[in-house]
Amino acid sequence: MEAIDHELSHQRSTMLNEQQQQMLRLFKTPLPEEDYKLIKREILFLKAKMIDTALEQWENENNVTADDYEKWSKEHFRTPYNPK
């Protein structure tokens, strides 16, 4: 059994980065459901904030404005159908 645990630990360590491993260690013991929901909500908030920041950076680098979004919302990107 110890060999199996060691092998699983080795596989996990090669698939997960150090931060992921640390998070698993932190949550080795199950949390009360309310605490779990709170932590999950905070992580999702952080991820959304990171996406907003990346999008804002992309918009600034590419000079994208609200007018561009308005124009794009009225375009379509389908391939024209051309029967022969």
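These legends go with a set of close-up views of one predicted protein model.

Some ground rules before the close-ups: this is a predicted model, where local features need pLDDT of at least 70 and side-chain atom pairs count only at pLDDT 80 or more, while totals for chains, interfaces and linings use all residues. Residues are numbered from 1 along each chain as its sequence is written, and side-chain values use heavy atoms, with hydrogens and water left out.

View 1. Read along the sequence, the pattern is simply α-α-α-α. Helices here are DSSP runs of H or I with at least four residues, strands are runs of E with at least two, and both are numbered from the N terminus. Buried residues make up 4% of the 84 residues in the protein chain; buried means under 20% relative accessible area, exposed means over 50%, and partly exposed is in between (1.4 Å probe, protein chains only). The chain exposes about 8,500 Å², and carbon and sulfur atoms supply 58% of that. Accessible areas come from the Shrake-Rupley method with a 1.4 Å probe, and for residues only the protein chains shown count as cover.

**View 2. E18 and R25 meet through their side chains in a salt bridge.** The N to O distance is 4.0 Å. A salt bridge here needs a side-chain nitrogen of Lys or Arg within 4 Å of a carboxyl oxygen of Asp or Glu. By this rule the model has two salt bridges. E18 counts as partly exposed at 45% relative accessibility, whereas R25 is exposed at 52%.

View 3. K74 is exposed, with a relative accessible area of 63%, and E70 is partly exposed at 43%. Side chains of opposite charge can pair when their charged atoms come close.

**View 4. M23, L26, F27, L31, Y36 and I43 make a nonpolar surface patch.** The patch covers about 550 Å². To be in a patch, a residue needs over 30% relative accessible area and no salt bridge; nonpolar side chains (Val, Leu, Ile, Met, Phe, Trp, Tyr) are joined within 5 Å, and like charges within 9 Å. Helices α2 (18-26) and α3 (33-61) each supply at least two of the patch residues. One of the members, Y36, lies in helix α3 and is partly exposed at 42%.

**View 5. E59 is a buried charge without a salt bridge.** E59 sits in helix α3. The nearest side chain of opposite charge is K71, 14 Å away; for this, Lys and Arg count as positive and Asp and Glu as negative, and His and the chain ends are not counted. What does E59 touch, leaving aside its neighbours within four places in sequence? It is in contact with V64 and Y69, contact being heavy atoms within 4.5 Å.

**View 6. The structure holds one aromatic pair.** Y69 and W72 form this edge-to-face pair, at 5.5 Å centre to centre and with 85 degrees between the planes. Rings of Phe, Tyr and Trp (its six-membered ring) pair if their centres lie within 6.5 Å; planes under 30 degrees apart are stacked, over 60 edge-to-face and the rest tilted. Both residues lie in helix α4 (residues 66-73), three residues apart, or about one turn of the helix. Y69 is partly exposed at 34%, and W72 is partly exposed at 30%.

**View 7. N63 has a positive phi although it is not a glycine.** The angle is about 50 degrees. N63 is found in the loop between α3 and α4, and at 62% relative accessibility N63 counts as exposed.
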